[in-house]
Amino acid sequence: MDVLLDNLDLYGPFFWTTIKLFLISGVASLIFGTFLAGLRVSPVPVFRAVGATYVTLLRNTPLTLVFVFLVFAYPLLDILDLSYFTAAVVSLTLYTSAFICEVVRSGINTVPVGQAEAARALGLTFTQILGQIVLPQAIRSVVPPLMSMLIALLKNTTIAAGFSVAEAGAIRQYLSERGDNQLVGLLWVALGFIILVAVLSFIQRTLEKRWSVAR
């Protein structure tokens with residue numbers, strides 16, 4: 001307990017940075033991943049090819065390499081300066097979106113084809129069918145895997161610690177400099193993540209219960 005109380009100036013701000021990383025990149029990943037899923041099921045072959053190529057590349061690229069590109073290689077292009085935090089958010093978003101895309105696409109495939117055909121017969125466009133009819137049903141059916149992706153994203157935020165972002169994964173390094181017990185410090189970090197994951201699991205159960213009744 002002493003390690004935690006003596007270093008609250010680390011645990012508080014660093015875990016807050018972790019939460020901000022998670023929330024921003026999580027929302028961005030859900031939006032961009034859903035957009036990619038739309039490309040993957042688009043009737044336009046070029047859009048399907050773009051979506052498939054992106055997903056294939058990012059799903060097979062280690063997240064650390066994505067960070068390396070955004071933090072070290074991207075600045076050499078001299079296009080737009082990114083802070084370490086922003087680079088971490090972009091890296092996490094680009095990587096996680098590829099997995100979110102496949103989860104949403106699997107949900108889209110569970111919606112009966114007849115519903116889309118009926119909507120098309122009524123004159124609705126592909127975008128209207130996807131946004132108003134297919135996606136609302138698809139998202140409900142993939143809450144557990146979507147939440148699993150978000151939990152993985154939460155844990156992946158620790159990689160940012162290796163790229164000069166002061167978040168929970170970097171606490172051990174600071175404890176080492178202060179001469180505190182690093183093992184005990186890491187146990188407190190692990191407990192912090194367990195609590196955050198428990199919150200996400202509670203949200204998942206709540207959504208499943210509510211939407212199962214709605215269906």
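1. In this note, two residues are in contact when heavy atoms of theirs lie within 4.5 Å. The model under discussion is a predicted one. Serine 29 belongs to helix α2, which covers residues 8-40. Is serine 29 buried or exposed? Its relative accessibility is 0%, and because buried means under 20%, serine 29 counts as buried.

2. The overall architecture may be described next. The protein has 10 helices and zero strands. Read from the N terminus, the order of elements is accordingly α-α-α-α-α-α-α-α-α-α. The C-alpha trace spans about 70 × 50 × 25 Å along its principal axes. Of the 215 residues, 37% count as buried.

3. Two further values describe the chain as a whole. Among contacts between residues at least 6 apart in sequence, 79% join residues that are at least 24 apart. The protein exposes about 11800 Å², and carbon and sulfur atoms supply 66% of that area.

4. Phenylalanine 15 also lies in helix α2. Its relative accessible area is 12%, and phenylalanine 15 is buried. What does phenylalanine 15 contact, leaving aside its neighbours within four places in sequence? The partners are Leu10, Ala168, Ile171, Val189, Gly192, Phe193 and Leu196. By contrast, phenylalanine 15 and tyrosine 54, which are 39 residues apart in sequence, have C-alpha atoms 31 Å apart in space.

5. Glycine 192, one of the contacts of phenylalanine 15, is placed in helix α10, residues 182-214. Glycine 192 has a relative accessibility of 16% and counts as buried. The C-alpha atom of glycine 192 is separated by 33 Å from that of alanine 73, and the two residues are 119 places apart along the chain.

6. Phenylalanine 69 is found in helix α4, which covers residues 63-73. How accessible is phenylalanine 69? Its relative accessibility is 43%, so it counts as partly exposed, a class that lies between the limits of 20% and 50%. Apart from residues up to four places away in sequence, phenylalanine 69 touches Tyr74 and Pro75. Phenylalanine 69 and threonine 56 are 13 residues apart in sequence, and their C-alpha atoms are 17 Å apart.

7. Serine 164 is exposed, with a relative accessible area of 53%. Most residues other than glycine have a negative phi. The phi of serine 164, however, is near 65 degrees, a positive value in a residue other than glycine. Serine 164 and alanine 88 are 76 residues apart along the chain, while their C-alpha atoms are separated by 9.6 Å.

8. Rolling a probe the size of a water molecule over the atoms shows where empty space is left. The largest pocket has a volume of about 290 Å³. Which residues lie closest to its centre? Of the 13 residues in its lining, these are Ile108, Val113, Ala116, Arg120 and Val134. Helices α6 (113-121) and α7 (126-141) each supply at least two residues of the lining. By class, the lining has 10 nonpolar, one polar and two charged residues.

9. Annotations from the record can be set beside the model. An unreviewed UniProt entry carries the annotation "domain: ABC transmembrane type-1" over residues 15-204. Over residues 15-204 the chain is 77% helix and 0% strand, with end C-alpha atoms 22 Å apart.

10. The unreviewed UniProt entry also gives the annotation "transmembrane region" for residues 14-39, 51-76, 82-101 and 183-203. How much of residues 51-76 is helix? That span is 77% helix and 0% strand, and its end C-alpha atoms lie 27 Å apart. Residues 183-203 are 100% helix and 0% strand, and the end C-alpha atoms there are 31 Å apart.

Notes
Residues are numbered from 1 along each chain as its sequence is written. This is a predicted model: local features need pLDDT of at least 70, side-chain atom pairs count only at pLDDT 80 or more; totals for chains, interfaces and linings use all residues. Side-chain values use heavy atoms; hydrogens and water are left out. On a 1 Å grid over the protein atoms alone, a cavity is a set of points where a 1.4 Å probe fits but cannot get out, and a pocket is an open set with protein on both sides within 12 Å along at least five of seven lines; lining residues have an atom within 4 Å of a point. Grid points are joined across faces, edges and corners, and a volume is the space filled by probe spheres set on the points. Helices (H or I, at least four residues) and strands (E, at least two) are DSSP runs, numbered from the N terminus. Ala, Val, Leu, Ile, Met, Phe, Trp, Tyr, Cys and Pro count as nonpolar, Asp, Glu, Lys and Arg as charged, and the others, Gly among them, as polar. UniProt positions are given in the numbering used here, feature names are shortened, and annotations may be inferred rather than shown by experiment. Buried means under 20% relative accessible area, exposed over 50%, partly exposed in between (1.4 Å probe, protein chains only). Accessible areas come from the Shrake-Rupley method with a 1.4 Å probe; for residues, only the protein chains shown count as cover.
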